[in-house]
Amino acid sequence: MTVFKSEFLKTLSDRGFIHQISNPQGLDDLYRSETVTAYIGFDCTAKSLHVGSLVQIMMLHWMQQTGHRPIALMGSGTTRIGDPSFRDDARPLLDDAQIEENKNGIRKVFDRFLTFGDGPKDALMLDNADWLMGLHYVDFLREVGRHFSVNQMIQRDAVRMRLEREQHLSFLEFNYMLLQGYDFVELFRRTGCRVQMGGSDQWGNILSGVDLGRRMEEVELFALTTPLLTTASGAKMGKTASGAVWLNPDMLSAYDYWQFWRNTEDGDVERFLKLFTTLPLDEIARLAALGGAEINEAKKVLATEATAMAHGREAAEAAGETARRAFEEGALAGGLPTVEIPRADLAEGIGLLAAFVTAGLCASNGEVRRQVKGGGTRVNDQPEGDEKRVLGEGDLLEDGVIKLSLGKKRHVLLKAV
C-alpha cells in the first residue's frame with residue numbers, strides 16, 4: 001500500500017476514498033510539486049444528483065481545501081450519447097430542452113461544496129458541449145478515433161460484460177469512450193488539467209483518456225477512482241425504498257435528507273463520517289467507538305454534518321431539532337415534511353393505503369399492507385392496524401393536518417387545503 005506524502009492524497013487515503021490510481025507515486029509527486037487541476041464529469045441525466053455522486057463531490061471539495069483547483073464538468077454533450085458503463089441496456093435519449101433543464105438543476109448543488117471564481121485555486125464549472133457539439137465527424141475520426149484500439153475497447157469491463165451477456169450495445173454508446181477520453185485531452189489543452197477522478201465503474205473510460213493524452217499531447221495524465229459504495233447490508237448507496245436521495249432541496253427536504261443519514265446502519269457510521277463530513281479523524285474515531293445505544297448520538301452527528309454540507313448549517317440544525325421533537329417528545333413538529341391534499345378529497349374520505357402512498361412513505365398499496373400487518377403504521381401517533389381504514393376530516397388535528405408515521409423514524413403531515 002502506497003504511503004502518500006501529499007496532503008490531498010493522504011487525506012483521501014485516510015478517509016477511504018481511493019480505489020485505484022494509474023501511477024500512485026507519480027501522482028503523489030505531482031500533488032507535492034504544484035497546484036494540480038483535476039476534474040470529474042457529471043452527465044445531465046436527472047434534475048439533481050443524488051447521494052451516489054456525493055463521494056465524487058467530496059473529492060472535489062478536498063481538492064480545493066488542500067490548495068488545488070477542481071473542475072466540475074457538466075456533461076450536456078456526452079449526455080446526448082449516454083454512458084453504457086455497467087448497464088444492461090441503453091439509457092433513454094433526452095432532448096436538448098431536458099438536458100438543459102437537468103444541467104441547470106445539477107449546477108446548484110456545487111455552490112455548497114466548492115468556491116468558484118477566477119483565482120488559481122478557484123473551482124471551475126465547464127460544459128463539454130462547448131467543444132463536443134462543434135466537432136466535425138470525419139475530422140474527429142482522423143484526429144482522435146485512430147488512436148483507439150477496438151481490441152482494447154471491447155476488453156473494458158463495461159463493454160465486455162454487455163457483449164458476454166449478448167445484450168445490445170449500440171454504436172452510439174460505443175462512442176462514449178472516445179468522447180470521454182477526448183474531454184480529458186481538451187481539458188488539458190484548455191486548463192492544464194492532469195487528473196480525472198471518478199467512480200470505479202469509470203476506470204476503463206478514464207484510462208482511455210490517459211492513453212489518448214499520451215498519444216496526442218505526449219503528456220502523462222492520471223486516473224484516480226473511488227470504491228463502489230454500498231451499505232453494510234449490501235444495498236446500493238443513494239437508493240431507498242421510497243426512491244433516490246436527491247441532493248437538491250427542491251427534490252428532497254433537508255429534514256428527509258437528515259433522516260436518511262440518521263438511519264445509517266451501525267456498521268457504516270465510521271466510514272460515512274470519514275467520507276461525507278469534514279470532521280477531524282480523531283473526532284470520528286471517538287464517535288465510532290461509541291457502543292450500544294450511544295451509537296445513535298454518532299448517527300445524529302453524521303446526519304447534521306452531512307446535511308450541513310448539502311443544505312447549510314441552519315437547515316441541518318433545524319432538521320435535527322424537528323427530529324428531536326417528533327421522536328423524543330412526540331410533538332407535532334411544524335418542520336416535518338408536508339404533503340397538501342384537497343380538503344374536498346378528505347371530505348369524501350381517503351383510504352389508509354392511498355394516504356401512505358400519497359405521502360411518499362410507501363411506494364405501493366401492497367407495501368402499505370405489509371407495514372400495517374407488521375404494526376408499522378400510525379395515524380396521529382396512534383397505531384393503525386386496519387388496512388381498510390378511511391381517513392376523513394374528523395382525523396384533522398388542530399393545525400389542519402393528519403400525521404402519518406411509518407415505524408418510529410419517518411413522519412409526514414397531510415395538510416388539507
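Biologist: Why is the contact of Glu143 with Arg189 called a salt bridge?

Modeller: This is a predicted model, and in it the closest N and O atoms of Glu143 and Arg189 are 3.4 Å apart. The rule asks for a side-chain nitrogen of Lys or Arg within 4 Å of a carboxyl oxygen of Asp or Glu, so the pair qualifies. By this rule the count comes to 20 salt bridges.

Biologist: What makes Glu143 and Arg189 a link between distant parts of the chain?

Modeller: Glu143 belongs to helix α6 (residues 137-143), while Arg189 belongs to helix α10 (residues 176-191), and the two residues are 46 residues apart.

Biologist: Is Arg189 counted as buried, exposed or partly exposed, and how do you know?

Modeller: Arg189 has a relative accessibility of 36%, and because buried means under 20% and exposed means over 50%, Arg189 is called partly exposed. Glu143 has a relative accessible area of 36%, so this residue is partly exposed by that reasoning.

Biologist: Which label does Glu186 receive, buried or exposed, and why?

Modeller: Glu186 has a relative accessibility of 10%, which is under 20%, and therefore Glu186 counts as buried. Glu186 also forms a salt bridge with Arg189, with the closest N and O atoms 3.8 Å apart, a value that is within 4 Å. Both residues lie in helix α10, three residues apart, which is about one turn of the helix.

Biologist: Which residues are linked with Arg189 in a network of salt bridges?

Modeller: The network links Glu143, Glu186, Arg189, Arg190 and Glu217.

Biologist: How do you know that Arg214 and Asp211 form a salt bridge?

Modeller: Their closest N and O atoms are 2.5 Å apart, and this value is within 4 Å, so the pair meets the rule. Arg214 and Asp211 both lie in helix α11 (residues 203-217), three residues apart, about one turn of the helix.

Biologist: Turning to the strands, why are β9 and β12 said to stand at the edges?

Modeller: The open sheet of five strands has the order β9-β15-β14-β11-β12, with mixed pairing. β9 (338-341) and β12 (382-383) each have a single partner strand, so one side of each is left without a neighbour in the sheet.

Biologist: What makes β14 and β15 a pair of strands?

Modeller: Strand β14 (residues 401-406) and strand β15 (residues 410-416) are joined in the antiparallel sense over six bridges, and because pairing asks for at least two bridges, they count as paired.

Technical notes: Residues are numbered from 1 along each chain as its sequence is written. This is a predicted model: local features need pLDDT of at least 70, side-chain atom pairs count only at pLDDT 80 or more; totals for chains, interfaces and linings use all residues. Side-chain values use heavy atoms; hydrogens and water are left out. Helices (H or I, at least four residues) and strands (E, at least two) are DSSP runs, numbered from the N terminus. Buried means under 20% relative accessible area, exposed over 50%, partly exposed in between (1.4 Å probe, protein chains only).
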